[in-house]
Amino acid sequence: MTINLSTANEFIARHIGPRQADEQAMLTTLGFDSLQALSASVIPEGIKGTSVLNLPAGQSEADALASIKAIAAKNQLHKTYIGQGYYNCHTPSPILRNLLENPAWYTAYTPYQPEISQGRLEALLNFQTLISDLTGLPIANASLLDEATAAAEAMTFCKRLSKNKTSERFFASRHCHPQTLDVLRTRAEPLGIEVVVGDERELSDLSPFFGALLQYPASNGDVFDYRDLVERFHAANALVAVAADLLALTLLTPPGEFGADVAIGSAQRFGVPLGFGGPHAAYFSTRDAFKRDMPGRLVGMSVDRHGKPALRLAMQTREQHIRREKATSNICTAQVLLANIASMYAVYHGPQGLTQIARRIHQLTAILAQGLKGLGLNVEQSQFFDTLTLHTGNRTSALHAKAQARHINLRVVDDERLGLSLDETSSQSDVVALWALLAVDGQTLPDFDALAQSVTGTLPAALLRQSAILSHPVFNRYHSETELMRYLRRLADKDLALDRTMIPLGSCTMKLNAASEMIPVTWAEFGNLHPFAPAEQSQGYQQLTRELELMLCEATGYDAVSLQPNAGSQGEYAGLLAIRAYHQSRGEERRDICLIPSSAHGTNPATAHMAGMRVVVTACDARGNVDIEDLRAKAIEHRDHLAALMITYPSTHGVFEEGIREICGIIHDNGGQVYIDGANMNAMVGLCAPGKFGGDVSHLNLHKTFCIPHGGGGPGVGPIGVKSHLIPFLPGHSALERKEGAVCAAPFGSASILPITWMYIRMMGGEGLKRASQLAILNANYIARRLEEHYPVLYSGANGLVAHECILDLRPLKETSGISVDDVAKRLIDFGFHAPTMSFPVAGTLMIEPTESESKQELDRFCEAMIRIREEIRAVENGSLDKDDNPLKNAPHTAAEIVGEWTHPYSREQAVYPVASLIEGKYWPPVGRVDNVFGDRNLVCACPSIESYQEA
Ligand SMILES: *Cc1c(COP(=O)(O)O)cnc(C)c1O
């Protein structure tokens, strides 16, 4: 017997669901003899072979982990006091293990299907309650992308709501974090808003402004009393947003109590690793009167079919998928996983624990400041929370060098100032080390214990918080590890994520997030680096991002990639800004029309609006393709003002349109640029490349095609690839070579999850990536073929094949049986499945995207459920099931309903065990079908009091 001694790369076959024999069987079903033959039939002639992935062969999991470990080792973790919106903290171990590293949490999708999402909806409601409580404003959303983009959202929010309708000026305090000011400037420019940065203490006339942004405590550490200023802004008809530090708010009067209209900020220091800048959850809270204008997702209470309380996403009519260019923002993917970590940090520590952490940091900072003064240093703040600015004059550069030599990072404020912020991880010995660093040689250091006895807090008495925080039981119940562990398990058990079932959501690409890809994310070398640490310390990240950029250029056919955008929507925004700047650079600033096909994802028009463009919608033909003649007519009609086309490829209908080269040509001929939305890249990697068939710029969703998990609705990464002429207009950052045009707070956006994509590409190699695309296409066509005799497949390409997803048309069934897509989606829950995408891009349809990671058994299990459901619909059609009281209309069925009085004309078994295999392993939805209308009419967006639960 010979034993193979080579260490083969098994990863490709681990990532891909179907086994070799299954693949053959599926190909046979479709009438093909090879994967090559199938993809050759699917990809249109004109774009075939545009992708030749020039990537090394895939590495095994062990080898890739060793490679990335070596990269990680090049990051140096020095003691860091830089602050500026990013603070060291401890991720409590039970949250690390049971939430951040737990696929039940990180592989879930955005909770659009509330019946299978009650766990993460509850965690998000806790987040909203936490934010609302700490900021003193009644309505908080379920997260935004980062503090700086939240500030930009606050600016446009003030613009929409301010009573000063004629002003185009927004005041931003110079005490805001510099990265926030940079993103504000980027956002303001295309909208014609002028950001006036100044010192609020020197403002006399407030009438020019529609709104203002203040920072509390200020970026330099000062705690200012803004009460009078807010009143003056209000008297001038301006609205005021306050960027506030959540931990400081446990001790300070919250913005809502001193009149702020909006509070925004970061929840990073509530247990989320620094991660070189992200991902972290930002928050946004406001007054009740403004809730309908709020950006981002909002969780609200409603009731289910049985009148029991149930959670759901509220007021979706504000959002891009419904309101398109009139939406309150373009946010789609947000930061759910990180918001949940922050909310659980508060659940675990409780009000006393959080206050204690804040007091301790503040007291250490006060001792540090007192000691520094004793050493003769000039501490600029008399009232501060955790941050000091030292006027170090001509000692500045020498002190900075000395700090570097001792592996200590201070904030370099300017030539004469250094700053430092303490945090949850700071200790007595850190304070002493800082004294030693900043003292002149030979000086005697202060006596810590003596100072600790004598020093009192420095928070202004008038601003000490009087109101209680977090009195809801959820923040007072889970303070032992056992209780928290079980709470997290209980919530996860309410939900369906990829660890239980396929999630066949079209356009969302819910594929495997392999454990080997995830493991490096929580390594300290990636997790504990500050985004503004000196460049020498982030060599590992620099290598990782450089290599990843090159890999993504290979995959897309573009010349350069920016990793900064931290969601697909942000990538779209960065891409359109690049197009806008390109036109401007050629003296064609008049170009502001963005053509968008009617089938586009809602983020496209919402983004075009944010980028200051006018949206012109173009038609689709009866086969779901872009109506080329309509497009041509509109491109010609607007040829003098044409800025861009935004088009998704393969189309949102899941088809490789034959006309894509012609479409790109029409736009270019009329002076426009082509933005190809790359959310559907999972059908293309290794087969064709948007940068090679006409695109000027695309975003990718690394949280779709490139294996970053969805986290229940974020984090995401939305890098953009561009052709060479757009390279000068990629997003910059004060920490990068190009300084202008930051779209995110951190230079590499959500840097700490980039290892996931690096690992995926490294392990798959060029061949593996191509195979993944081919299998994604095979799986989708297999489902389409198995289901087409039961449900018509709405669109297919020239040869009857689909790309990586397929749309089932349920509209005819609605006519014959009264059964809607909603009923089918909810009935799938009884079978243990997450529904496909509903009514996008066509109302009354289901869009199924299986991805390459699902095995043939799982695809068959899903098809059998869909076929069984079709039989039930047929029974409704022929009258053997009641047209109103049937298993579809009543789905999903809860355990409580089954053990209660049974009045339905079908059996309990049919309700909950429609197929026998469910008896072995059944998912029980915790609530029945959720009433959407009730929730919006009776909006409750924070944890309700226990009494109201009991009344319900
Ligand atoms: C998911 C998606 C987007 C938006 O991406 P986010 O990361 O959620 O912001 C844009 N376009 C299409 C076609 C998508 O499927």
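Domain 1 and domain 2 have C-alpha centres that lie 36 Å apart. The contact between these two domains takes 7 residues from domain 1 and 6 residues from domain 2. Domain 1 consists of residues 520–525 and 544–763, while domain 2 covers residues 810–935. The model is a predicted one.

The table gives the secondary structure of each span and the distance between its end C-alpha atoms.

| Span | Helix | Strand | End C-alpha to end C-alpha |
|---|---|---|---|
| Residues 14–438 | 39% helix | 16% strand | 54 Å |
| Residues 458–732 | 31% helix | 12% strand | 38 Å |
| Residues 772–893 | 45% helix | 8% strand | 36 Å |

**Ligand surroundings**

The ligand is surrounded by 14 residues, of which Thr333, Ser507, Asp677, His703 and Lys704 are the closest. What is the make-up of the shell around the ligand by class? The shell has 8 polar residues, 3 nonpolar residues and 3 charged residues. Helix H20, which runs over residues 568–585, gives the most to this shell, with 3 residues.

In the side chain of Thr333, an N or O atom is 2.6 Å from an oxygen atom of the ligand. For Ser507, an N or O atom of the side chain is likewise 2.6 Å from an oxygen atom of the ligand. With Asp677 the ligand atom is a nitrogen, and a polar side-chain atom of Asp677 lies 2.6 Å from this nitrogen. How much of the ligand does the protein bury? Taken alone the ligand exposes 380 Å², and the protein buries 98% of that area.

**Lys634**

Lys634 sits in helix H22, which spans residues 628–637. Leaving aside residues up to four places away in sequence, Lys634 touches Leu595, Val616, Val617 and Thr618. With Val617 there is a polar pair: a polar atom of the Lys634 side chain lies 3.2 Å from the backbone oxygen of Val617. How far is Lys634 from Asp133 in sequence and in space? The two residues are 501 residues apart in sequence, and their C-alpha atoms are 51 Å apart in space.

Conventions:
Residues numbered from 1 in each chain as written. Predicted model: local features only at pLDDT ≥ 70, side-chain atom pairs only at ≥ 80, totals over all residues. Heavy atoms only, no water. Near = heavy atom within 4 Å. Polar contact = N/O pair within 3.5 Å; in protein donor to acceptor, adjacent residues only side chain to side chain. Areas by Shrake-Rupley, 256 points an atom, 1.4 Å probe, with all protein chains shown as cover. Helix = DSSP H or I, 4+ residues; strand = E, 2+ residues; numbered from the N terminus. Nonpolar A, V, L, I, M, F, W, Y, C, P; charged D, E, K, R; others polar. Domains from an automatic or database assignment. Contact = heavy atoms within 4.5 Å.
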